[in-house]
Amino acid sequence: MSHAAPDKSATVRAVVQHVGSDAPGCAVGVVQDGAVVFAEGFGLACLEHGAPITTATRFYLASVSKQVTALAVVLAAETGQLSLGDPIRKYLAELPACMDGVTLRHLLTHTGGVRDYFHLGFLAGFGGEHPYSEDEVLRILARQSALNFPPGTDFTYSNSGYVLLAIVIARATGKRLDAFARETIFAPLGMHASSFQHDHTVVVPNKAFGYELREGGWRTANCQLDVVGDGGMYASLDDMLAWTRNLLSPRIGVEAIDLLRSPVKLANGISTRYGMGLGVGAHRGLATLEHGGGMAGYRTHLLAYPSERLGVVVLCNDAAAIPAVVARQVAETFLADRMTPAPPTPPAPPPEAIVARAGCYRAPEGDVIALTECDGELFVQGLPRPLRALSANSFAIAGDPDLLRLEFEPDGPGLTVAMGGVPDRSFSRCETQSAIDAAAYVGGFESGDIAADPCRVTASDGTAAVSFANGSPLQLSPIGSDCLWIPEVGVTLSFERESDGGVGRFRLDSARVRGIVFTRTGQALLSA
């Protein structure tokens, strides 16, 4: 089924013309002034059976689910079943004492400092397809001896917080998140094709299977998680357009929706540019609400312009899709005349300027962003599209400064990363290390926060590698004095010397996990 405004439909279709009729694709929809003005599927929902994507096809939403979870929690608060100021340990006493100051509001706004269970699970040896359960997430978090930061003082995106919120819903209301959302959100909005999947083996009717290109062909890539809240929701494009209409002009949860749309401030007064399950930003002069999601072979995005009463939903079952870019291009089809002009494309910087920008940059909190040069273009490691120069010191992904922008210090070693819907981050260029004393780091290290066999550092030919929980060795790259980075997973290890000069422990940091201490076990290891 397709709904389209005749004067815009051809332009919107051109945005997704890269989707093949015999490949995974996307469902794209637009709501304007309360009406669906475009809704259409492109590509296949199931390659095995050649089933096409339609507006009724159900996609795994990944983190786009968070805004629905947030509304459920706030609606439960409005009926007195819980309070946003309640400490999380009021409902989950099995969590550690370090979480005493964390409230439900902190979890909703990613300001609680709770470490991300995906990153903790990786350190414990769990693979990307590990079927986490609620009990397992609780056990992982119960082992933590510290938070990433004191509650309310910083912002770090945490999937853990939203899994905990889903468990709180069940304990406070007596209904699991799927049942509670069905009663309070899905049924009132007519979202009859929506559900939270507490068991990943349950059949989902009209499901779009996730896919990724690997080894020269398509491979299935479906979500194996048995936790919800941070993700876990399946919905059709038709349903998500109904959700978006309510987001822009609420019929249910009027005050709750306003709360979701309001960015929270940290203790120092700085805005996080994130509400509850929604990033608050701008696109070419227009205020936006948005959130993306990515898991296995699914990539999703919701983008709304409250002042223009317009929203765009893009749901994809191709792991290589970038729905945020598609959503912006679709929105520009409808709103270009109300937006500020697109930034002009300046002449490409000279090759030596691109090469000079490449390298590793580290934030004070410990995580690293890596920039690489390839064929005269600058890339952020992990992102498939090159950065486009907006000026000598400013670069943006896909040429869109509102999506992701890097601002380099004109005469200094640092840069600022600005991304819509989250706080700006400052990074400093890492020191160049020509050689390291790799043998000094060799040994076994363990942490009380991680339930696994000790991680092991090995050395060979002046280089070092680390393996967690008997996993495959990961190459370590020097980025500072006694500071090694794992490019493959974006983790830094900061080693500490004892009085005799030997290495006794290291601190592990990543984008969503900070300050985990690993101490040498005393077990000698031979160099590889």
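**Group meeting talk: an arginine and the cysteines**

Hi everyone, let's start with a contact: a polar atom in the side chain of R273 sits 3.1 Å from the backbone oxygen of V422. Please keep in mind that this is a predicted model.

So where does R273 lie? You'll find R273 in the loop that runs between α9 (254–260) and β11 (279–283). Its side chain also makes a polar contact with the side chain of D424, at 2.5 Å. In sequence, R273 and V422 are 149 residues apart, yet their C-alpha atoms are 5.1 Å apart in space.

Which residues does R273 touch, once we leave out those up to four places away in sequence? The list includes P263 and V264, then G279 and V280, and also M419, G421, V422, P423 and D424. Is R273 buried, exposed or partly exposed? With 29% relative accessibility, R273 counts as partly exposed.

Now let's turn to the cysteines. As a reminder, a disulfide is a covalent bond between the sulfur atoms of two cysteines. How many disulfides does a search of the whole structure find? The search finds one. That disulfide joins C26 to C316, with the two sulfurs 2.4 Å apart. If you look for this pair on the model, C26 is in strand β2 (residues 26–32) and C316 is in strand β14 (residues 310–316), so the pair ties together parts that are 290 residues apart in sequence.

For those who like geometry, the torsion about the S-S bond of C26 and C316 is about 100°, so this disulfide is right-handed.

What about C223? C223 is in no disulfide, and the nearest cysteine sulfur, that of C316, is 17 Å away. C223 is buried as well, because its relative accessibility is 4%.

C374 is partly exposed, with a relative accessible area of 39%.

Notes
Residues numbered from 1 in each chain as written. Predicted model: local features only at pLDDT ≥ 70, side-chain atom pairs only at ≥ 80, totals over all residues. Heavy atoms only, no water. Disulfide = S-S within 2.5 Å. Helix = DSSP H or I, 4+ residues; strand = E, 2+ residues; numbered from the N terminus. Buried < 20%, exposed > 50% of the residue type's maximum accessible area, 1.4 Å probe, protein only. Contact = heavy atoms within 4.5 Å. Polar contact = N/O pair within 3.5 Å; in protein donor to acceptor, adjacent residues only side chain to side chain.
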